[in-house]
Amino acid sequence: MDKAKVNFVIAIAVLVVFCIVIAGYAASLNSQLSAKKTKVMQLNDQIAGLNTKANGLQTQLTSLTGQANNQTNLANSLQNSLNAANAELGNLKAAYAGLESKLKAQISAETLQPAASEAVPAK
């Protein structure tokens, strides 16, 4: 073989080896990329799960806030009813005290007047 053919064979062999190395490197990068894609998909699934939980918690929070508002409204209503009952009780106590004083006045007025059988005889 002459020198040109040997150089050509060596160049082809070097190119074949270089192509094999490049193909191996590409396969390695492809497997790394696949692993990263798998990890990204797992992380996306975890994020989706966390978002679902967050939405559930938001729904619970909204429900609990509504319940708290209802209970606050009920407590305010009960307080207003209690205040009205206390005011009515105060009015009834005042009316009772007024009636009691009128009754005492009437009793004392009747005891001061002589009875009909004790009437003073006419002159």
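Predicted model: local features only at pLDDT ≥ 70, side-chain atom pairs only at ≥ 80, totals over all residues.
Residues are numbered from 1 along each chain as its sequence is written, and side-chain values use heavy atoms, with hydrogens and water left out.

**Overall shape**
- The C-alpha atoms fill a box of roughly 185 × 15 × 10 Å along the principal axes.
- The radius of gyration, taken over C-alpha atoms, is 52 Å, while a compact globule of 123 residues would come in near 14 Å (rule: 2.2 Å times the number of residues to the power 0.38).

**Fold and burial**
- The chain has 1 helix and 0 strands (DSSP runs: H or I of at least four residues for helices, E of at least two for strands, numbered from the N terminus).
- Buried residues make up 0% of the 123; buried means under 20% relative accessible area, exposed over 50%, partly exposed in between (1.4 Å probe, protein chains only).

**Around Val9**
- Val9 sits in helix α1, residues 3–112, and is partly exposed because its relative accessible area is 46%.
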